[in-house]
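Colleague: I would like to learn how to read a model like this one. Could we go through it feature by feature?

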Amino acid sequence: MRRSDFHYELPAELIAQHPLPERSGSRLLVLDGSQTPPRDRMFTDLPSLLKPHDLLIFNNTQVMRARLFGHKETGGQVEILIERLLDAREALAHVRASKSPKPGSRIRVTDGAWLSVVGREGDLFRLRTLESDFGEQMARHGHMPLPPYIQRPDEALDESRYQTVFARRTGAVAAPTAALHFDEPMLARLDALGVARAEITLHVGAGTFQPVREDDLERHHMHSEWLEVGETVCERIERTRQLGGRVIAVGTTSVRSLETAATDGRLRPFRGESQLFIRPGYRFKVVDAMITNFHLPESTLLMLVAAFSGYSEIMKAYRHAIDQRYRFFSYGDAMFLTRQDVA
């Protein structure tokens with residue numbers, strides 16, 4: 001298949017620019033992996049789609065206040081997006097300026113503290129703090145790194161709403177957005193139903209928003225993200241299988257993490273980088289169902305859900321969602337998908 005096979009036209013007014021007043025107030029499009037049409041539900045209906053002994057896998061990454069603003073020594077404005085912390089004093093970052101800063105130059109951020117440009121690693125700049133560490137810089141002057149399709153500056157509300165209720169491991173520059181729909185009352189309902197929970201970590205990078213530039217998908221170079229699937233998760237999945245439950249990934253990041261940890265066919269603890277590119281033809285090894293938001297046209301995430309539930313079925317479901325005026329992308333509505341193995 002080719003990149004252009006995953007194109008669709010989306011009216012701009014369907015791109016959600018703000019979260020709804022309630023986390024669980026979104027709509028939920030249900031696609032059960034068969035030939036039946038998609039069903040329009042509400043996210044509050046999710047417990048009716050689950051059963052005791054099902055296991056939900058959440059990504060517990062925490063979004064950093066990773067966007068910083070400053071000036072070069074020459075006075076030019078600079079926008080910095082921290083991609084990855086290497087240690088307390090060094091980071092890899094995207095830097096936007098009228099002219100790219102040169103190695104050895106300095107950038108002054110808002111409070112007068114200086115960053116040194118150490119060098120470049122591909123498209124990223126290696127930066128070093130000359131005073132306080134990056135954690136302090138982001139805490140004092142960082143902004144929430146809203147996705148490029150949200151056409152507004154970040155606001156106070158984004159501090160909590162562009163973060164899941166169980167975020168605890170700092171390192172992401174984008175939220176695992178399918179999990180943004182879960183609030184404490186929903187989690188309590190699932191607990192009462194006997195639905196189990198487990199957590200993985202995948203620090204979502206800005207690469208998740210990068211377009212696929214090659215029409216031939218075989219030539220696409222997948223971005224790398226750090227993840228960890230612990231031994232406890234593997235044990236809970238094994239227990240879920242024994243009890244007849246399903247493994248339900250909350251978000252494409254959870255899918256990618258679990259499938260990376262089972263690359264050789266057997267799920268094992270994993271800690272490190274993944275460049276796994278899931279597209280139609282991929283055979284899933286772990287995940288039985290998933291909850292996900294709607295994804296950008298021609299994106300690797302749209303390719304992933306098409307691999308999971310079938311290309312034709314997903315593209316029909318997206319057309320249905322557009323016709324029914326669903327809200328798209330990070331602050332938008334959700335889908336519940338069951339797995340359909342396709343050639």
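Colleague: Is strand E1 (residues 27–31) mostly covered or mostly uncovered, and how many of its residues are buried?

Modeller: First, the ground rules. This is a predicted model, where local features need pLDDT of at least 70, side-chain atom pairs count only at pLDDT 80 or more, and totals for chains, interfaces and linings use all residues. Residues are numbered from 1 along each chain as its sequence is written, and side-chain values use heavy atoms, with hydrogens and water left out.
Now the terms. Helices (H or I, at least four residues) and strands (E, at least two) are DSSP runs, numbered from the N terminus. Buried means under 20% relative accessible area, exposed over 50%, and partly exposed in between (1.4 Å probe, protein chains only).
In this case, E1 is mostly covered: 4 of its 5 residues are buried.

Colleague: Which strand does E1 pair with in the antiparallel sense?

Modeller: Two strands pair if DSSP finds at least two bridges between them. E1 pairs antiparallel with strand E2 (residues 39–42), over 4 bridges. Look for Leu28 opposite Arg41 in E2. Leu29 faces Asp40 in E2.
E1 also runs parallel to strand E17 (residues 334–338), joined by 4 bridges. There, Leu29 stands opposite Met335.

Colleague: What is the strand order of the open sheet?

Modeller: Read it as E2-E1-E17-E16-E14-E3-E12-E13-E15: 9 strands, with mixed pairing. E2 and strand E15 (270–274) each have a single partner strand, so one side of each is left without a neighbour in the sheet. From one strand to the next, the twist averages 25 degrees. For such angles, axes are lines fitted to C-alpha atoms (for helices over the stretch in contact), and angles run from 0 to 180 degrees between N-to-C directions.

Colleague: How many strands close into a barrel?

Modeller: The barrel has 6 strands, in the order E5-E6-E7-E10-E9-E8, with antiparallel pairing. Its twist averages 45 degrees from one strand to the next. Gly70 stands opposite Val109 in E8.

Colleague: Which residues lie nearest the centre of the largest pocket?

Modeller: Pockets are found on a 1 Å grid over the protein atoms alone. A cavity is a set of points where a 1.4 Å probe fits but cannot get out; a pocket is an open set with protein on both sides within 12 Å along at least five of seven lines. Lining residues have an atom within 4 Å of a point.
Here, Glu83, His94, Ala206, Gly207 and Gln210 lie nearest the centre, among 45 lining residues. The pocket holds about 1,200 Å³ of space. Grid points are joined across faces, edges and corners, and a volume is the space filled by probe spheres set on the points.

Colleague: Which element gives the most to the lining of the largest pocket?

Modeller: E6 does, with 5 residues. Strand E5 (67–72), strand E7 (90–97) and helix H7 (300–309) are among the elements that each supply at least two.

Colleague: What volume does the second largest pocket have?

Modeller: About 170 Å³. Its lining includes Met64, Glu83, Thr170 and Trp226. E6 gives the most here too, with 3 residues.

Colleague: Is His295 buried or exposed?

Modeller: His295 is buried, at a relative accessible area of 8%. Find it in the loop between strand E16 (289–293) and H7. Its side chain reaches the backbone oxygen of Asn293 at 3.1 Å.

Note on methods:
A polar contact is a pair of N or O atoms within 3.5 Å; within protein, one must be able to donate a hydrogen and the other to accept it, and residues adjacent in sequence count only if both atoms are side-chain atoms.
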